[in-house]
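Thank you all for coming.

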Amino acid sequence: MVFHDEKLDRLTGETGRVDQLSAEHLGQIALSGSSDRPQTLQQLLDQVNDAVPLVIELKSHWDGSERLAKRACQLLGGYRGRVALMSFDPFVMAAVARFAPAVPRGGVAGLFEPAHWPELPPGLIEDLQTGVAMDRTDPGFMSYSVKALDGAVARRFRATGKPVICWTVRDAATAKRALKLCDQITFEGFRA
């Protein structure tokens, strides 16, 4: 399913975990303030049909599962549009590299403050904070939190010449500052 959160609560009038409901049930739930409904990845690919490039973030439970990466790569195998996959989880990106080496892939990174990532072991947090974990996956691009965009890890990646995206920009002033340090922004709540 194409849905940002693990739970329905923030983005719909419903509650509960997305992975505990069927695609059919999820497809009947309206997104808050909209008549739009969650779609399967295949439905999204059919709808977009290469009208615009897609950058798709694969979520993870940080449990080593490759199931989502494998399924996404299978679906993208039949898609002829411009698409890239990215994830916070370097293990997911390593799986994407194996299942679909031709699909552009990137990492997603932030400040990785331990209090916000209680499920991760300290060693992995440190590898994520320093960029070492993602370096192992040889990402073709990175998407950094706007708060981490001017940090040492982002500066080091920018020096490679590979594309840098930042997230989530919520106003024009922040967009203007961010675009001095990155190639593209993920924006929300205003028109970029």
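In which sense do β3 and β4 pair, and over how many bridges? They pair in the parallel sense, over four bridges, where two strands are said to pair if DSSP finds at least two bridges between them, and where Gly107 stands opposite Met142 in β4.

Before going further, please keep in mind that this is a predicted model, in which local features need pLDDT of at least 70 and side-chain atom pairs count only at pLDDT 80 or more, while totals for chains, interfaces and linings use all residues. Residues are numbered from 1 along each chain as its sequence is written, and side-chain values use heavy atoms, with hydrogens and water left out. When I say helix or strand, I mean DSSP runs numbered from the N terminus, with H or I over at least four residues for helices and E over at least two for strands.

The sheet itself is open and has six strands, in the order β1-β2-β3-β4-β5-β6, with parallel pairing. At its edges stand β1 (54–57) and β6 (184–187), each with a single partner strand, so one side of each has no neighbour in the sheet. From one strand to the next, the twist averages 25 degrees. Helix α4, residues 90–99, packs on this sheet and touches both β2 (83–87) and β3, with contact meaning heavy atoms within 4.5 Å, and the direction of α4 makes about 145 degrees with that of β2.

Now to the helix pair. The axes of α2 (residues 41–48) and α3 (residues 67–77) come within 10 Å and cross at roughly 30 degrees, the axes being lines fitted to C-alpha atoms, for helices over the stretch in contact, with angles from 0 to 180 degrees between N-to-C directions. That makes α2 roughly parallel to α3, a term for angles under 35 degrees. In this contact, Leu41, Gln42 and Leu45 of α2 meet Ala72, Leu75 and Leu76 of α3.

Finally, most residues other than glycine have a negative phi.

Methods. Parallel < 35°, antiparallel > 145°, perpendicular 65-115°, else oblique.
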